[in-house]
Amino acid sequence: MKTDITRVLMEEHQLILRMIDLLEHNSARMERGNFSEWKFFADALDFIRNFADRHHHAKEEDVLFRALVENGMPAQRSPIEAMHIEHEQGRAHVRGMDIALQQIRAGETEQTQTLAQHARAYAELLRQHIEKEDTILYPLAERVLPQNMRPEIVEGYAQADTHAPKVAQTYRALVEHYEASRSTAA
Ligand SMILES: [Fe+2]
Ligand SMILES: [Fe+2]
């Protein structure tokens with residue numbers, strides 16, 4: 001029986017997808033003019049930067065993808081490169097959201113359109129990215145990576161968790177907070 005090396009990443013995907021749902025929902029409300037809770041967008045950016053990117057994508061890029069390359073998967077012109085490119089595309093939308101949010105807070109309310117566009121593009125990108133990882137890349141990793149590489153991968157994930165203690169609880173609580181206020185919103 002091989003040690004599992006993708007379940008924790010798939011669980012993180014589930015939390016990221018919940019935040020993406022909130023992001024799309026609140027962007028649509030903002031565009032209809034009945035949502036101006038800017039703190040939500042600031043918190044969503046914090047979640048994306050620190051949980052989805054720094055925490056989750058770092059586990060992929062520094063641990064799992066690195067192991068796949070060590071095991072012989074090419075780093076270029078390969079699924080690994082495609083996933084790296086999508087992580088970068090996500091970062092570009094995050095920068096776009098951040099700039100638009102700062103402009104809105106400085107009074108440029110017409111930037112709500114830009115904020116919503118980047119939020120929607122990010123949501124679409126990440127949803128299909130996660131789908132590819134869950135259904136193609138992770139199953140492939142589970143098939144090809146030998147057992148002797150797996151303890152180090154699990155240790156790499158554990159180290160990422162140790163460097164950022166409470167990150168999982170903190171961001172799960174944040175998602176739950178906004179899900180609860182969504183269900184009570186008119
Ligand atoms: Fe990824
Ligand atoms: Fe991922």
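In which hand does helix 2 pass helix 3 in a crossing, left-handed or right-handed? Helix 2 passes helix 3 in a left-handed crossing. The legends below describe this pair and other parts of the predicted model.

**View 1. Overall fold of the predicted model.** The protein comprises six helices and zero strands, and its pattern along the sequence reads α-α-α-α-α-α. Taken along the principal axes, the C-alpha atoms fill a box of roughly 55 × 35 × 25 Å. The radius of gyration is 18 Å, which agrees with the value near 16 Å that a compact globule of 186 residues would have. Buried residues make up 28% of the 186 residues. Among contacts with a separation of 6 or more, 80% join residues 24 or more positions apart.

**View 2. Packing of helix 1 against helix 2.** Two packed helices are described by the angle between their axes and the distance between the axes. Helix 1 spans residues 7-31 and packs with helix 2 at an angle of about 155 degrees, the axes being 11 Å apart. Angles over 145 degrees count as roughly antiparallel, and helix 1 and helix 2 are therefore roughly antiparallel to each other. Helix 1 passes helix 2 in a left-handed crossing. Helix 1 contributes L9, E12, I16, M19, L23 and N26 to the contact, while helix 2 contributes F40, A44, F47, A52, H56, K59, E60 and L64. By class, these residues divide into nine nonpolar, two polar and three charged.

**View 3. Packing of helix 2 against helix 3.** Helix 2 covers residues 38-70 and helix 3 covers residues 79-105; their axes come within 11 Å and cross at roughly 165 degrees. The two helices are therefore roughly antiparallel to each other. In their contact there are 14 nonpolar, three polar and seven charged residues.

**View 4. R77 in the loop between helix 2 and helix 3.** Although R77 is not a glycine, its phi is positive, at about 45 degrees. R77 has 8 C-beta neighbours inside 10 Å and so counts as exposed, the cut-off for this class being 12 or fewer.

**View 5. Packing of helix 3 against helix 4.** The axes of helix 3 and helix 4, the latter formed by residues 112-144, come within 9 Å and cross at roughly 160 degrees. That angle makes helix 3 roughly antiparallel to helix 4. The crossing of this pair is left-handed. On helix 3 the contact is made by P79, M83, E86, Q89, G90, H93, V94, G96, M97, A100, L101 and I104. On helix 4 the contact residues are T112, T114, L115, H118, A119, A121, Y122, L125, L126, H129, E133 and L137. The residues of this contact comprise 14 nonpolar, eight polar and two charged.

**View 6. K166 in the loop between helix 5 and helix 6.** Helix 5 is formed by residues 150-163 and helix 6 by residues 167-184, with K166 in the loop between them. K166 is not a glycine, yet it has a positive phi of about 70 degrees. Why does K166 count as exposed? K166 counts as exposed because it has 9 C-beta neighbours inside 10 Å, where 12 or fewer is the cut-off.

Technical notes. Residues are numbered from 1 along each chain as its sequence is written. Chains are lettered from A and ligands numbered from 1 in the order in which they are written. This is a predicted model: local features need pLDDT of at least 70, side-chain atom pairs count only at pLDDT 80 or more; totals for chains, interfaces and linings use all residues. Axes are lines fitted to C-alpha atoms, for helices over the stretch in contact, and angles run from 0 to 180 degrees between N-to-C directions. Helices (H or I, at least four residues) and strands (E, at least two) are DSSP runs, numbered from the N terminus. Angles under 35 degrees count as roughly parallel, over 145 as roughly antiparallel, 65 to 115 as roughly perpendicular and the rest as oblique. A crossing is left-handed if the near helix is turned anticlockwise from the far one by less than a right angle, and right-handed if clockwise. Ala, Val, Leu, Ile, Met, Phe, Trp, Tyr, Cys and Pro count as nonpolar, Asp, Glu, Lys and Arg as charged, and the others, Gly among them, as polar. A residue is buried if 20 or more other C-beta atoms lie within 10 Å of its own, exposed if 12 or fewer, and partly exposed in between; C-beta atoms are placed from the backbone. Two residues are in contact if their C-beta atoms, placed from the backbone, lie within 7 Å. The radius of gyration is taken over C-alpha atoms; the globule rule is 2.2 Å times the number of residues to the power 0.38.
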